[in-house]
Amino acid sequence: MTPSFEEPRFARIYRAPGRVNLIGEHTDYNDGFVMPAAIDLFTYAAIRPRDDRALFIPSENFSESVEFDLNQPDPRARGHWSDYVCGVAVMLERVGYKLRGADLTIRSDVPIGAGLSSSAAIEVAAGFALLDNSSFEIDRVELATLCQKAENEFVGMRCGIMDQFISCNAQAGTALMLDCRSLDFNLLSLPEDVRLVICNTMVKHELGSSEYNTRRAECEAGVRYFATLLPNIRALRDVSIEDLDRFGAGLNEVVYKRCRHVITENARVAEAASALEQNDLTRFGELMAESHRSLRDDYEVSCAELNIMVDLAASVEGVHGARMTGGGFGGSTINLVKTERVPEFKQIVATGYQEATGISPEILVCAAAAGATRI
Ligand code: ADP
Ligand code: MG
């Protein structure tokens with residue numbers, strides 16, 4: 001019998017959260033700063049040990065089960081959802097965690113493919129469960145790094161460390177400012193009377209992935225330019241606003257704008273952290289608005305639907321801040337909204353968006369949750 005959530009006495013149950021990024025967009029691959037928060041939507045893993053070295057993995061979301069032999073010499077991805085789980089097992093084994101076989105049932109409340117990182121949530125939930133099932137101590141930073149490695153090298157998705165890191169290390173009621181180079185992080189309390197409201201535009205424009213690669217190349221071009229003028233430039237993270245003002249004229253206009261976004265966005269994350277520390281949500285919200293404008297005008301990764309959603313939100317009373325979140329070209333906005341104003345917010349934004357676009361948006365109201373844990 002597979003371990004089920006209905007018969008918990010036969011299994012141990014773990015969960016890992018999805019996430020939303022409050023500020024710090026397109027900074028992670030520039031070795032910069034991000035500020036995600038975990039949301040109270042989770043992926044659950046129910047695990048029970050087996051006597052052999054097999055993994056038997058049912059996903060309730062996909063109504064499907066997969067078997068995986070931990071002893072196979074050269075495990076390969078199958079282009080299947082189970083790669084996210086098997087990849088984590090492979091990376092754990094590769095660094096020396098010899099895992100027990102297990103029956104491992106997956107269930108998720110994190111919407112899949114909606115930019116809330118269901119992928120990191122399944123990786124972290126599975127990794128946490130597999131380690132504990134084999135009586136290993138959990139090192140949360142190492143687990144995040146290995147889950148990212150699984151997604152990069154096994155699944156074949158080029159993602160940064162943010163998603164796995166927040167899913168492992170979040171604390172309830174806080175946002176986490178992360179230095180994507182050193183992995184140093186700082187937990188920042190969010191006021192109790194705000195909600196993280198995620199508005200899904202329900203659109204996903206095709207150019208997303210090609211433009212992502214173009215942006216990365218443009219950032220690399222910027223790094224090459226600044227490295228000829230200044231010492232110790234390894235990434236745009238090492239270039240200051242003063243450097244940009246002084247030397248930026250030598251860049252072509254497009255690369256200049258891309259660099260300006262990344263460099264000012266890193267500065268905004270730092271300032272947003274101070275604003276939160278001082279409980280200054282007005283300033284925090286202004287920084288979110290500046291971030292959105294910079295993504296729209298300098299980085300050019302927004303789209304009409306995201307701009308409409310942000311403009312609508314900004315007009316509602318009780319909204320501290322609103323901006324696009326995630327890669328862009330569709331997906332969601334993140335809004336910091338006073339809890340008591342949330343019903344009104346939902347109504348105004350949903351109606352306004354429907355009128356402007358003909359599309360009915362999905363609106364999720366979340367609180368900042370804790371990272372992966374056994375429950
Ligand atoms: P996001 O992380 O934004 O939700 P991704 O495309 O990065 O989107 O990851 C989604 C993929 O992760 C799914 O297509 C599936 O392969 C895997 N996945 C996520 N949650 C589950 C789940 N509960 N069961 C099985 N696979 C899942
Ligand atoms: Mg993902």
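Residues are numbered from 1 along each chain as its sequence is written, and chains are lettered from A and ligands numbered from 1 in the order in which they are written. Because the model is predicted, local features need pLDDT of at least 70 and side-chain atom pairs count only at pLDDT 80 or more, whereas totals for chains, interfaces and linings use all residues; side-chain values use heavy atoms, with hydrogens and water left out.

Ligand 1 is surrounded by 17 residues, of which Ser59, Asn61, Gly113, Ser118 and Ser119 are the closest, a residue being counted as near when one of its heavy atoms lies within 4 Å. An N or O atom in the side chain of Ser119 is 2.9 Å from an oxygen atom of the ligand, and an oxygen atom of ligand 1 also lies 3.1 Å from a backbone N or O atom of Gly115. For Asn61, an N or O atom of the side chain is 3.1 Å from a nitrogen atom of ligand 1. On its own ligand 1 has 570 Å² of accessible area, and the protein covers 81% of this (Shrake-Rupley method, 1.4 Å probe). The shell comprises nine nonpolar and eight polar residues, with no charged residues; here Ala, Val, Leu, Ile, Met, Phe, Trp, Tyr, Cys and Pro count as nonpolar, Asp, Glu, Lys and Arg as charged, and the others, Gly among them, as polar.

Strand β5 (102–108) and helix α2 (118–133) each supply at least two residues of this shell, and α2 gives the most, with three; helices (H or I, at least four residues) and strands (E, at least two) are DSSP runs, numbered from the N terminus. Helix α2 is largely enclosed by the rest of the structure, because 15 of its 16 residues are buried, that is, under 20% relative accessible area with a 1.4 Å probe and protein chains only. Just after α2, Ser135 takes a positive phi of about 60°.

In helix α8 (residues 281–297), the buried residues include Phe284, Met288 and His292. At the start of α8, a side-chain oxygen of Asp280 comes within 3.3 Å of the backbone nitrogen of Thr282.

Asn335 is found in strand β10 (residues 330–338) and counts as buried because its relative accessibility is 0%. Beyond residues up to four places away in sequence, Asn335 touches Arg195, Leu196, Val197, Cys199, Ala313, Gly321, Ala322 and Phe345, contact meaning heavy atoms within 4.5 Å.

Methods. Polar contact = N/O pair within 3.5 Å; in protein donor to acceptor, adjacent residues only side chain to side chain. Buried < 20%, exposed > 50% of the residue type's maximum accessible area, 1.4 Å probe, protein only.
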